[in-house]
Amino acid sequence: MQREGWPEPGELVVCTVDQVVDFGAFVILDEYANKRGLIHISEVASGWIKYIRDHVREGQKIVCKVLNVDPSRHHIDLSLKDVNEHQRRDKIQAWKADQKAWKWLEMAYEGDEEHLGEVTGALVKGYESLYVALEDAAVRGIDALAEAGLRPEDAEKVLTISQENVKIPYVEITGYVDITSPAPDGVEQIRKALKKAAKTKEEDVTLEVRYVGAPRYRIHVTAPDYKLAEAELRKAAQAAIKFIEKQGGEGAFHRQA
């Protein structure tokens, strides 16, 4: 899939080297329709460059940073040296994910290319990425697609695509609770407190509570994102602490660094 319009300064873009000359390299912007850019030799690599083809070659797939855009001159200035290895890997990974998302949608809307353009345009406008849109739909359901302004029938169709193809990302975090009880049935009270900690109302969250060594217990949370995971971890710990304190015991929460 290729976007219409122009990239923004500071944006990272996937490019294919089209022509290498003495003063730089002309590239095709893979993500934008009919857009070419120039990497001046001073932006190819840091330091003095003896042979430019030691750094770039025709047909090479690279990631560049947009320096300047002049639509009136159909000119885009790019930098290769301003993109570090971490940024390059992340951008290529995101681009490949978008390519997969485009193929899934293309298959679902085969024979209705004009409508496909409307759907993908709405998703990109709302999320800046097709794959991120499908990923959000897989995690949050139909509400995520309604926010993108899709028609109900399209939202249902895209939701099905996301559920069939997108692997929901999960994060894992850990915390600890120290709980003690001076009561004669203290062991039972602690067991009940831990049972409170292991409960969650979130369907996509998994809580696991395990004994570490008196008085410490480990709470392990698996959730779709860190914000939800953190919230559920603290809820679990507080549930255990609140219960044990009502029984005359003591409790404290410790977040794993």
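Buried means under 20% relative accessible area, exposed over 50%, and partly exposed in between, with a 1.4 Å probe and protein chains only. The views below show a predicted model, in which local features need pLDDT of at least 70 and side-chain atom pairs count only at pLDDT 80 or more, while totals for chains, interfaces and linings use all residues. Residues are numbered from 1 along each chain as its sequence is written, and side-chain values use heavy atoms, with hydrogens and water left out.

**View A. Salt bridge between Arg 151 and Asp 154.** The side chains meet at 3.3 Å, N to O, where a salt bridge is a side-chain nitrogen of Lys or Arg within 4 Å of a carboxyl oxygen of Asp or Glu. Asp 154 counts as buried because its relative accessibility is 5%, whereas Arg 151 is partly exposed at 42%. A search of the whole structure finds 15 salt bridges.

**View B. Salt bridge between Asp 70 and Arg 73.** The closest N and O atoms of this pair are 3.7 Å apart. Asp 70, with 19% relative accessibility, counts as buried, while Arg 73 is exposed, with a relative accessible area of 57%.

**View C. A salt-bridge network of Glu 85, Arg 88 and Arg 89.** Because Glu 85 and Arg 89 are four residues apart in helix 1, about one helical turn separates them; helices (H or I, at least four residues) and strands (E, at least two) are DSSP runs, numbered from the N terminus. Glu 85 is partly exposed at 42% relative accessible area, and Arg 89 is also partly exposed, at 44%.

**View D. Antiparallel pairing of strand 1 with strand 2.** Six bridges join strand 1 (residues 12–21) to strand 2 (residues 24–29), two strands being paired if DSSP finds at least two bridges between them. Gln 19 stands opposite Phe 26 in strand 2, and a hairpin connects strand 1 to strand 2 through two residues.

**View E. Antiparallel pairing of strand 2 with strand 3.** Strand 3 (residues 36–40) is joined to strand 2 by five bridges, and Ala 25 stands opposite Ile 39 in strand 3. The hairpin formed by strand 2 and strand 3 has six residues between them, and Asn 34 in the turn has a positive phi of about 55 degrees.
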